[in-house]
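Subject: Structure handover

Hello,

Here is the structure you will be working with. Please look through it first, then read the notes below.

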Amino acid sequence: MFSGWYDIHFAHPNLLWLLAVLAVLAGLWFYFRYKKNYGSMQVPSLSMFKDYTSLKAMLLPLLPILRFLALAAIIVALARPQSSSTQHRISSYGIDMVISMDVSASMLAQDFKPDRLEAAKDVASQFIEQRTNDRIGLVIFSGESFTQVPITTDHKIVQSQLQKIRNGVLEDGTAIGMGIGTAVNRLKDSKAKSKVIIIMTDGVNNTGLVDPLMATEAAMQYGIKIYTIGIGTKGKAYMPAYKLPDGSIQYDYLDVDIDEALMRKIAEMTGGKYYRATDKKSLKEVYKEIDQLEKTEIESSQSVRVAELFYPWAALALLLIAVEQILKYTLLRTFP
């Protein structure tokens with residue numbers, strides 16, 4: 001629907017010059033037609049003629065006025081006034097994307113502030129805000145995997161569930177294959193032009209029922225691209241070492257061990273890319289690059305609608321001619 005008419009123009013604007021010609025002709029006609037009616041006789045008062053001034057005499061000049069106005073309306077109608085309205089249509093072809101996040105105990109390491117998991121959630125949240133045209137889902141994994149949010153366009157739900165992610169809800173461990181496999185299941189039936197998994201981990205695959213490379217091959221079959229992110233500083237990090245009998249966690253400085261060779265291979269097999277994030281700033285840069293690489297396609301089309309506006313002018317001309325003819329043969333009829 002169009003909100004209103006604008007950009008009024010004429011299909012044949014040169015015809016409008018006839019209005020100037022008509023105005024000149026009308027002026028000349030009235031001048032020569034009524035010139036003889038003005039005499040030079042001088043009388044002391046006009047009051048003696050007031051009884052001889054009839055309504056008919058007063059209205060007689062109305063006939064040519066109506067005729068000239070009708071001709072003017074016809075000229076405007078012939079010039080074909082038009083109103084055009086342009087409508088832009090934008091179609092977006094979003095990307096279906098699943099963020100698969102490691103929630104194992106090592107993600108509580110404090111080389112990121114306040115820890116890896118909270119930093120990863122914060123950066124992922126900012127990334128999701130930028131992907132307004134995409135369907136996004138969340139998967140979490142440690143020793144097993146779980147779909148936190150199926151792919152959806154309701155980013156409020158995604159953001160809400162992202163903030164609820166925490167360590168301890170799943171059996172501990174690092175099942176990278178299951179993290180990929182669950183994400184693949186979320187995307188396999190997608191009809192989107194582009195399907196993407198972003199998987200983030202800080203460890204080595206050490207458990208799970210699905211081999212990471214087998215899960216990657218499944219992703220390839222469904223045309224899914226995988227971006228892999230290794231999160232953790234290089235060297236040692238202050239991270240959970242073991243759990244005490246009372247349930248509290250004992251921290252210590254331990255070596256950061258990420259299977260970068262595996263993560264790189266997973267990305268290469270699917271046409272994605274591997275990144276290493278050693279702090280929150282570099283993690284933001286990783287997501288920024290992925291955001292640039294995976295741009296949503298926007299298709300823009302433009303249509304112009306032209307409305308013909310000469311009909312009211314043509315109707316006005318007919319009305320003026322009709323009124324002129326009615327007056328001419330009724331109230332203002334003249335007899336020989």
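A residue is called buried if its relative accessible area is under 20%, exposed if over 50%, and partly exposed in between, computed with a 1.4 Å probe on protein chains only. Helices (H or I, at least four residues) and strands (E, at least two) are DSSP runs, numbered from the N terminus. This is a predicted model, in which local features need pLDDT of at least 70 and side-chain atom pairs count only at pLDDT 80 or more, while totals for chains, interfaces and linings use all residues. Residues are numbered from 1 along each chain as its sequence is written, and side-chain values use heavy atoms, with hydrogens and water left out.

The chain as a whole

The protein chain holds 10 helices and 11 strands. Of its 336 residues, 39% are buried. Contact here means heavy atoms within 4.5 Å. Taking contacts between residues at least 6 apart in sequence, 80% join residues at least 24 apart.

Helix H9 covers residues 280–293, which is 14 residues. From first C-alpha to last, H9 reaches 20 Å, close to the 20 Å expected at 1.5 Å a residue; the expected span is 1.5 Å times one less than the number of residues. Ser282, Leu283, Val286, Tyr287, Ile290 and Asp291 are the buried residues of H9. They pack against strand S3 (96–102), helix H4 (116–130), strand S6 (195–201), strand S7 (224–231) and strand S10 (274–277).

How do H4 and H9 cross? Their axes come within 10 Å and cross at roughly 25°. Axes are lines fitted to C-alpha atoms, for helices over the stretch in contact, and angles run from 0 to 180 degrees between N-to-C directions. That makes H4 roughly parallel to H9. The cut-offs are under 35 degrees for roughly parallel, over 145 for roughly antiparallel, 65 to 115 for roughly perpendicular, and oblique for the rest. The crossing of H4 past H9 is right-handed. A crossing is right-handed if the near helix is turned clockwise from the far one by less than a right angle, and left-handed if anticlockwise. Residues of H4 that meet H9 include Ala119, Val123 and Phe127; on the H9 side, Leu283, Tyr287 and Ile290 are among those involved.

Helix H6 (residues 176–187) has 12 residues, which should span 16 Å at 1.5 Å a residue; its end C-alpha atoms are 17 Å apart, which agrees. Is H6 largely enclosed or largely open? Because 10 of its 12 residues are buried, H6 is largely enclosed by the rest of the structure. Among the buried residues are Ile176, Gly177, Ile180, Gly181 and Val184. These five residues also meet Pro212, Ala215, Thr216, Ala218 and Ala219 in H7. The axes of H6 and helix H7 (residues 212–221) come within 8 Å and cross at roughly 20°, so the two are roughly parallel. Their crossing is left-handed.

Helix H3 and its partner H10

H3 packs with helix H10 (residues 310–329) at an angle of about 160°, and their axes are 8 Å apart. H3 and H10 are therefore roughly antiparallel, and H3 passes H10 in a left-handed crossing.

Leucine 66 lies in H3 and counts as buried, at 9% relative accessibility. Leaving aside neighbours within four places in sequence, leucine 66 is in contact with Leu320, Val323, Glu324 and Leu327. Leucine 66 and valine 323 are 257 residues apart along the chain, yet their C-alpha atoms are separated by 7.8 Å.

Aromatic rings

Rings of Phe, Tyr and Trp (its six-membered ring) pair if their centres lie within 6.5 Å; planes under 30 degrees apart count as stacked, over 60 as edge-to-face and the rest as tilted. The count comes to eight aromatic pairs. One of them joins tryptophan 29 and phenylalanine 30, edge-to-face, at 5.1 Å centre to centre and 85° between the planes. Tryptophan 29 is partly exposed, at 34% relative accessible area. The rings of tryptophan 29 and phenylalanine 68 have centres 6.2 Å apart and planes at 70°, so this pair is edge-to-face. This pair links distant parts of the chain, with tryptophan 29 in helix H1 (residues 17–34) and phenylalanine 68 in helix H3 (residues 62–78), 39 residues apart. Phenylalanine 68 is buried, at 19%. Ring pairs link Trp29, Phe30 and Phe68 into a cluster.

Regards
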